[in-house]
Amino acid sequence: MITIPQCLDFKDDDLTKEICNFFLKLLKLKNKHLYLHSQQVANYAASTAAKLGIPPAEIVNIKTAALLHDIGHLAVPNLILNKVPLLSTRELTAYKRHCVAGACMLENIPGFSDIANIIRCHHEQWNGTGFPKRLKGANIPMGACIISVADYYDRYVNPCGHWEKPHTEAIKELKNKSGLHFNPMVVNAFMKSVIPTSSAEKRQK
């Protein structure tokens, strides 16, 4: 697992901090792996957003959305979460509801409408094959595109994740899926901002 410095600054108000801390505590009680994963994704997303030149206020929203992107899993039975990615058709349908469930938990909270929309869309794919709305290309919020890449990478390399594969394989998968599942611009920024370049890769440049 690659760890980068924590940068989870919240909006400058007590309500946002209180809401985030509340959901993080619930995630930790539900599944410690989800709790750790959420923090890691938030760090990756913030670094990538900064690399893309996104305004600071939007980066704060993206970081917050990344931190809370999996709160919809609170509504998914542990029996299903523990089987990912080996799910039956019925289980997969239930699992896919977590994006909408997470967004619904936040949609009526003042100041969280944009964050809720990012969470709702973080499993959409660049070529329109994602869920829940099968959005395509520029119709997907940039924050959701960023979280999608960070989420995928962390689930690959994080020992707490479902797949736990080598960093080099995760990079290869991201490159292969760039322009298909992921926004190419985001993949490029992610590579430059949070992925260490090996000596061999430097020599090839």
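Colleague: Where does Arg97 lie?

Modeller: Arg97 lies in the loop between α5 (89–96) and α6 (98–106). Please keep in mind that this is a predicted model. With a relative accessible area of 54%, Arg97 is exposed, because exposed means over 50%. The C-alpha atoms of Arg97 and His73 are separated by 8.7 Å, although the two residues are 24 residues apart along the chain.

Colleague: Is Asn43 buried or exposed?

Modeller: Asn43 is buried, as its relative accessible area is 0%. Asn43 belongs to helix α2 (residues 32–51).

Colleague: How should I read the nonpolar core?

Modeller: The general idea is that nonpolar side chains tend to be buried together in soluble globular proteins. Here, the largest nonpolar core has 56 residues, and the members that touch the most others are Leu68, Leu106, Tyr153, Leu174 and Phe190. Helix α8 (residues 142–157) gives the largest share of this core, 10 residues.

Colleague: Which residues does Leu106 touch, not counting residues up to four places away in sequence?

Modeller: Leu106 touches Ile19, Phe23, Leu68, Ile71, Phe112, Ile115, Ala116 and Ile119 on that count. Leu68 is also among the core members with the most contacts to other members.

Colleague: How are aromatic rings described?

Modeller: One gives the distance of the ring centres and the angle of the planes. This structure holds 6 aromatic pairs. The rings of Phe22 and Phe23 have centres 5.2 Å apart and planes at 70°, so this pair is edge-to-face. Phe22 is partly exposed, at 46% relative accessibility, whereas Phe23 is buried, at 8%. Elsewhere, one aromatic cluster is formed by Tyr44, Tyr153 and Phe190.

Colleague: Which residues make the nonpolar surface patch of about 320 Å²?

Modeller: Phe22, Leu26 and Leu29 make that patch. Leu29 is placed in helix α1 (residues 14–30), and its relative accessible area of 74% makes Leu29 exposed.

Colleague: How should I read the salt bridges, and how many does the structure hold?

Modeller: In general, side chains of opposite charge can pair when their charged atoms come close. The structure holds 4 salt bridges. In one of them, the side chains of Arg155 and Asp70 meet at 2.9 Å, N to O. Arg155 lies in helix α8 and Asp70 in the loop between α3 (56–67) and α4 (78–81), so the pair ties together parts that are 85 residues apart in sequence. Arg155 is buried at 8% relative accessibility, and Asp70 is buried at 0%. A network of salt bridges links Asp70, Asp151 and Arg155.

Colleague: What is the N to O distance in the salt bridge of Lys83 and Glu91?

Modeller: The side chains of Lys83 and Glu91 meet at 3.0 Å, N to O. Lys83 is partly exposed, with 35% relative accessibility, whereas Glu91 is buried, with a relative accessible area of 15%.

Colleague: Which parts of the chain hold Arg120 and Glu107?

Modeller: The side chains of Arg120 and Glu107 meet in a salt bridge of 3.8 Å, N to O. Arg120 is in helix α7 (residues 113–121) and Glu107 in the loop between α6 and α7, 13 residues apart. Arg120 is buried, with a relative accessible area of 16%, while Glu107 is partly exposed at 39% relative accessibility.

Definitions and conventions. Residues numbered from 1 in each chain as written. Predicted model: local features only at pLDDT ≥ 70, side-chain atom pairs only at ≥ 80, totals over all residues. Heavy atoms only, no water. Patch = residues over 30% accessible without salt bridge, like charges linked within 9 Å, V, L, I, M, F, W, Y side chains within 5 Å. Areas by Shrake-Rupley, 256 points an atom, 1.4 Å probe, with all protein chains shown as cover. Helix = DSSP H or I, 4+ residues; strand = E, 2+ residues; numbered from the N terminus. Buried < 20%, exposed > 50% of the residue type's maximum accessible area, 1.4 Å probe, protein only. Core = buried A, V, L, I, M, F, W, Y, C linked by side-chain atoms within 4.5 Å. Contact = heavy atoms within 4.5 Å. Phe/Tyr/Trp six-rings, centres within 6.5 Å; stacked < 30°, edge-to-face > 60°.
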